[in-house]
Number of protein chains: 4
Amino acid sequence: MYESCGVVGVIYSDKRSVSAPLSIYYALYALQHRGQESTGITVHDGSQVHILKGMGLVTDVHKNYKLKDLKGFVGIGHVRYSTTGESIIENCQPLTVNFQDGTISIAHNGNLVNSLDLRAEFEAEGQIFLTSSDTEVIARLLVKKLLDHDIISAIDDIIRRLVGSYSLTILINDTLIAVRDPLGVKPLCFGKFDGGYIVASESVAIDTVGGVLIRDVHPGEVIIFKDGEMTSHRICRPKNTAHCVFEYIYFARADAIMNGKLVYQIRSRIGELLVDEHPVDADIVSPIPDSGITFGIGYCKKSGVDYMEGLMKNRYIGRTFIMPDQDMREVAVRLKLNTIPQNLVDRSVLLIDDSIVRGTTSRRIVDMVRKAGARQVHMRIGSPPIISPCYLGIDMATRDELVAAHKTVAGVEALINADSLGYISIEGLVEAIGIPEDDLCLGCLTGVYPVEIPGEECKRRQLTLNHF
Amino acid sequence: MYESCGVVGVIYSDKRSVSAPLSIYYALYALQHRGQESTGITVHDGSQVHILKGMGLVTDVHKNYKLKDLKGFVGIGHVRYSTTGESIIENCQPLTVNFQDGTISIAHNGNLVNSLDLRAEFEAEGQIFLTSSDTEVIARLLVKKLLDHDIISAIDDIIRRLVGSYSLTILINDTLIAVRDPLGVKPLCFGKFDGGYIVASESVAIDTVGGVLIRDVHPGEVIIFKDGEMTSHRICRPKNTAHCVFEYIYFARADAIMNGKLVYQIRSRIGELLVDEHPVDADIVSPIPDSGITFGIGYCKKSGVDYMEGLMKNRYIGRTFIMPDQDMREVAVRLKLNTIPQNLVDRSVLLIDDSIVRGTTSRRIVDMVRKAGARQVHMRIGSPPIISPCYLGIDMATRDELVAAHKTVAGVEALINADSLGYISIEGLVEAIGIPEDDLCLGCLTGVYPVEIPGEECKRRQLTLNHF
Amino acid sequence: MYESCGVVGVIYSDKRSVSAPLSIYYALYALQHRGQESTGITVHDGSQVHILKGMGLVTDVHKNYKLKDLKGFVGIGHVRYSTTGESIIENCQPLTVNFQDGTISIAHNGNLVNSLDLRAEFEAEGQIFLTSSDTEVIARLLVKKLLDHDIISAIDDIIRRLVGSYSLTILINDTLIAVRDPLGVKPLCFGKFDGGYIVASESVAIDTVGGVLIRDVHPGEVIIFKDGEMTSHRICRPKNTAHCVFEYIYFARADAIMNGKLVYQIRSRIGELLVDEHPVDADIVSPIPDSGITFGIGYCKKSGVDYMEGLMKNRYIGRTFIMPDQDMREVAVRLKLNTIPQNLVDRSVLLIDDSIVRGTTSRRIVDMVRKAGARQVHMRIGSPPIISPCYLGIDMATRDELVAAHKTVAGVEALINADSLGYISIEGLVEAIGIPEDDLCLGCLTGVYPVEIPGEECKRRQLTLNHF
Amino acid sequence: MYESCGVVGVIYSDKRSVSAPLSIYYALYALQHRGQESTGITVHDGSQVHILKGMGLVTDVHKNYKLKDLKGFVGIGHVRYSTTGESIIENCQPLTVNFQDGTISIAHNGNLVNSLDLRAEFEAEGQIFLTSSDTEVIARLLVKKLLDHDIISAIDDIIRRLVGSYSLTILINDTLIAVRDPLGVKPLCFGKFDGGYIVASESVAIDTVGGVLIRDVHPGEVIIFKDGEMTSHRICRPKNTAHCVFEYIYFARADAIMNGKLVYQIRSRIGELLVDEHPVDADIVSPIPDSGITFGIGYCKKSGVDYMEGLMKNRYIGRTFIMPDQDMREVAVRLKLNTIPQNLVDRSVLLIDDSIVRGTTSRRIVDMVRKAGARQVHMRIGSPPIISPCYLGIDMATRDELVAAHKTVAGVEALINADSLGYISIEGLVEAIGIPEDDLCLGCLTGVYPVEIPGEECKRRQLTLNHF
């Protein structure tokens, strides 16, 4: 499973409001799928900042009796993904810092490619870092510039210096700011609700506070929310963007609208295109839950093959499942997924999933389905082969681990023991998304990235920076 | 949501085995959907009993470092549902008691109709009760008889005395016993795995330990597992059973086989029959996740209407969700379910759900779908109207709360604001299940129960008791 | 360290009062020294019972936000000591049971000598036990008799049947009852405060609610508090009592008044008598904190030797101290006690402690003091040699472990490496306490017990039972 | 109660050792009295740093199963005091930062007078602060200088820049450093144990690892422990020091040796001097436990008046004691202290305590003693009147709160309702300590401080800085 982060910002026009924490809580709840490791909320009441952070799910960390002690009309929130070795409270966001003129709090979704360089630069000046996160680098850059510049100029400057992906919600004292990188890699949108504005990684968060989506934050745009007003600054007008395709394939909720596109329709359309690209004579389509379902619905609609659940998912997969030794790995798959043999026996089954990383889970599933009596097992995949790592915010795998980086489709087909294997083509994916290829980041599928990464090929997007 | 309980029993032939706790853990994990309030494991190592219990999910209570301290080759487990006012550790099962000849531990799924009478009888003798559960009553009956009878006679006796539903796994010292009431109301099945036997509420638990289902425990049957052997005793041969239909409609996992029937096929078939019983000219079928999905698949297959997800569920609904006041109830539905307006707008939408209890949630969902732009909203229900409470193990609602107890279908249709509403008929349900009506408990649908309940109508099943 | 339990009962005359939980909390807090393993409070509001229990200290278990949910004008409380293998929530008191006429809750300090017999008797009738505590036995006896007798007759009966020590506070629905065994082994007293009555193991608990001590509950007395009134029933008039001497030596707080005697004065007087019994030419008296201090003050007063702290105690000894291996045992003493070498060097030091059990700790302390430079180290002990175990409520040690059961005073002196060792004589102890020897339990010092214990010598007290 | 912090550093000569965490744990345990709010341990294993921090007591935070995961041969530790509004995990020390050449971890006892200035200076350069502690300021200064200087020069520089008190243990990668400010305000000493060196706030910590005190770290001295060797650098040779007198009066454990003086002897001597300075005809001396005890022993020795415990302390004062409203304040004192009326009645009682801050607690105690029947109540205090706040590391009180800042001794005497009140004189205190007045910090007693503090009088010490 890949994971990312989610960010939120909320501001009420009425500065006497104390509802920002609850609204942020609801919004984070809707973004829980973007990160389950830790979560935090920072709010401002006009005179001071209040913070609530912790390891765990939104509902575990932001308990009622704690949340009601936070007071504020404006604030930001974050859910964080889990990576190895860094699962510590210090890295829990939003990151809040004290500076000359008060406090700054930052919530970040994305990954900086040049953060080590920027760190080294600061460290060479004798600065120190208390966390291992990119966000502390952003905070330093921002504060340094705020010394003798206004907010918009300071952010203008960090946009010039940061390389990589960043959708940010920032709280400078009681001013809320939304920033999206010039490539628009990670999503960020905003809306209006009765009482104020809300910014969030996905539009689904806006719905939870009863708001309506206004639009995506444009790539290279900065929006400042202050005193009940919002002002937009287009710091950068990219000729081309680099929207992450994996948001459409896997991350985002199907009901999200992202860069103007409904995720559900894209996934369903990919399913339809898979019928054309890799037709097969199957008796049933059985999606691998949950991520294969919408692809499967599209496939069935187009092909007329019956949709049938041959695999059921256990809804209560906990976070700390006991798996005592290697031999038990097979148990793990069995605990997460059960087959329904009566739906599979003697049938030619078409499984459909969002992607293949190492191939080991796919192999176990194919074997389970065969063991349940399937005559044939075909596999269709809603993404093209992943051949290269992600450097822009997805915790995916190393190149060594990516099976498609080392094997042909036929090789993967053999490895996972499928009668046939078909990935959607890059052309098909781009058609389904409905955004020109030059405006997408296809780095993990092509090995060509929109920013320079040492040792990797790059096709830079052309950016035009405005000045403030 | 309705809730019930789940029970498990595991025995290894090799008494030196210490794996019973882990196998029970896996099995409970697969039964987590049957109860999320509390869980417990009792094992025996041949000389003494070990217990691990707690409030919460299986993965939260049975942590690795605790589980490895339990040693035993035989044991039982339980997951418990949540009811008002009784959510206390004292009621967490299995219940373990000390008696003259050692210890007895009992895990119970079901509900006794005469437990208050039995309690009163014991209390009149000067006995005391430390818990408020039926299980303590069963323990007392059992131990009293064990004074001067062997195990099978003692259980014979309790079967004669208990009225109601009970699927039990019992651990008397290191003997494992499975008991199912003569009406077979609640499910119970057993299987064999490499190393021993497993008993469980649903067959899905058997899969998690790599075992194979042997068969259901027969109504009125007692199976004793001891010294690597199993012996069956058919204490009672009912002319008719009273299998709970709600297990098929809602409780059981779709991949469970229960009384010889695959739940998935029954739900899918109900969906098909709904097409015949309540045809409608809809543009799409959008099941209410998760419980409506399999009905929806059957409906689509038969009708040819497109399956399309108009409602998405948040996968991370926590147990302690904050809902500060009444006005926020609407928020709750919005947080659990999001609409996908693009899939709904200007369409005639057919929603499908498993059942309607109070009607308030259905109303909110219909309103959400309308607000998202649906032209028409039709509702189909995979159960007949619920007109009477359950007394045999489901925490459903009082008669006052049951909307169908007081309103006609037309009245409910108006209440939930649907363009049309269609329930499956009792005949359709029975046909889909494939078990004769006289062998099912339809109490909540007909008001006629298989056991005598004060103030309710009863059609008793004919039972023939064997003697031991 | 020895440990026991503490019990409390509180009743307000005004049944609308909700302050019983807080008053019980304060009282338990004052009795915390009698048991740190677990604690519980049961209160009654006139219509139903409320319970709060848990493992840990009074301040940890009875948190403010939980305590304020308990409502009641009457209730009981308990602090429990720690013994091996039984440290489980099931044994946490008060024990609350449901019976024919409502609920009974019992808090017990003491130990029954015949509880296994009584258990066996019940078990032979087919009864079961859910806990391993004596208290469940008492509950059963009580309820059985309450079937056809009033409260006072029922308690009369249990007093006839129970052998051993028991100071009880009982809550039968909203009636509070205090019971003390006919021998008066364990303390129990009661007092009046503004608003009602309070019963407690030690008078110090009465002070915390601003009350005044009325008197001890007499041995064999039952006091019933109901409807603002108290009625005393002297069920048994013992010719002789058997007050535990270890309460005076170690358990009770020095500021407690017990059987009419101030503990402080007794300890101080023992210190004085030790001067006469075992004079020595010491430069300083350095008590072993905290239990040796009051003895030391008496010794100094009488002898004129300087009181000087040669040993300091770490005030923050936690409950879960890490002690990785056997070699670290010496570290443990060093962490609990530090010497002040400047106060010890080249001096003849007289240490004074309450008692010696195994002798290993005494040895380590003597060695520490020698290592700190003391010229001579003398040891004086506020109790006579402990030669036999306690069967009446103190978790002391087995006979094998008791060093004085196997060695002469000279032998113990050698073992602990002291220049001289002197215990107070039994005569001295009795004189200091000021209660006739025949009215004390000296079982652990003489091996002669006031009740029959298999394999031990007994000198029964003469009891006259009244009838109800 | 006043509170401060405690610091520790441990290094093993053998870099393969993994025992540093356990030794630090033992040492922190011995320093628990210096801070109970939070605690942390940072260790280094030669290649990387490991951290364990948390809110609470040493035994609560550093659990066995966590501690054994820390590996390292060198490390530092901290216990932190509690102040209002800052009780958050972010401020828990040691503070660990990443810089150009690795990691730095700092544990700090003391208070910087110019930290806001230094912060402002950094903030003016655009730097940010993630915590509100002085320690982050020290970390920044240190790292900045380390850019182009070696360790000793860098520390030389911070000593020049920091104004205030600071006893530091620092871990730069795997080098351990001890630093004490040129005034020697807060204590710091070091010792040797079998295997390596230990640095600690008080000598008592050295004892717990079986080590021996070498000496105090000199004011203005830096000691570097590396590769099994220690090197001392006397960066500053003050003509006069400013040792905190409150360490002798209250903070330090009586068994600590500080600046070459045994705390016990000083307190005992103060007690003796109080006899001369404020003689009174009392029947008994009853110290207020625990802080008044050693003063009381000295008083009794000199005066010949009987030492008698008229007040007993509850040993189990928890950290989260419930005190529902203002009226209950009196309860709080009653729960912490009980009188023994029999020791007080009709007597002229001399109470003795370490100090008086607001006077309210003293008043409550005097009233309790009177209520218990004392004929007269005299109060003697082991410190002179506190007339001015502490700016150098003690969380004492504001000037407004200090009763002696506004009232004469007669006024305080009246306020606390004592028959007589006598403070030790400054001359007496200085004599008892045995260090020249010019080498002590008497700021809180005289209002004249050893460093410049805006609005306060200052008598600067003369310092001679060496150069590196």
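Me: How many residues of chain C are in contact with residues of chain B?

Reply: In this predicted model, 17 residues of chain C are in contact with 17 residues of chain B. Contact here requires the C-beta atoms of two residues, placed from the backbone, to lie within 7 Å. Residues are numbered from 1 along each chain as its sequence is written, while chains are lettered from A and ligands numbered from 1 in the order in which they are written. Local features need pLDDT of at least 70 and side-chain atom pairs count only at pLDDT 80 or more, whereas totals for chains, interfaces and linings use all residues.

Me: Why is the relation of chain A to chain B called that of a two-fold axis?

Reply: Chain A can be laid on chain B by a turn of 180 degrees and a shift of 0.0 Å along the axis, with an RMSD of 0.1 Å. That is the relation of a two-fold axis. The superposition is by least squares on the C-alpha atoms of residues with pLDDT of at least 70 in both copies. In chain A, the C-alpha nearest the axis belongs to A:Arg315, 4.1 Å from it.

Me: How do you know that the copies meet through the same surface?

Reply: The copies meet through the same surface because 100% of the interface residues of chain A are also interface residues in chain B.

Me: Why does B:Ser17 count as partly exposed?

Reply: A residue is buried if 20 or more other C-beta atoms lie within 10 Å of its own, exposed if 12 or fewer, and partly exposed in between; C-beta atoms are placed from the backbone. B:Ser17 has 18 C-beta neighbours inside 10 Å, so B:Ser17 counts as partly exposed. B:Ser17 lies in the loop between β1 (6-12) and α1 (20-30) of chain B.

Me: Which residues of α13(D) are buried, and what puts them on the same side?

Reply: The buried residues are D:Ser362, D:Ile365, D:Val366, D:Met368 and D:Val369. They cover an arc of only 160 degrees around the axis, which puts them on the same side of α13(D). The arc is taken over the directions from the helix axis to the C-beta atoms.

Note on methods. Helices (H or I, at least four residues) and strands (E, at least two) are DSSP runs, numbered from the N terminus.
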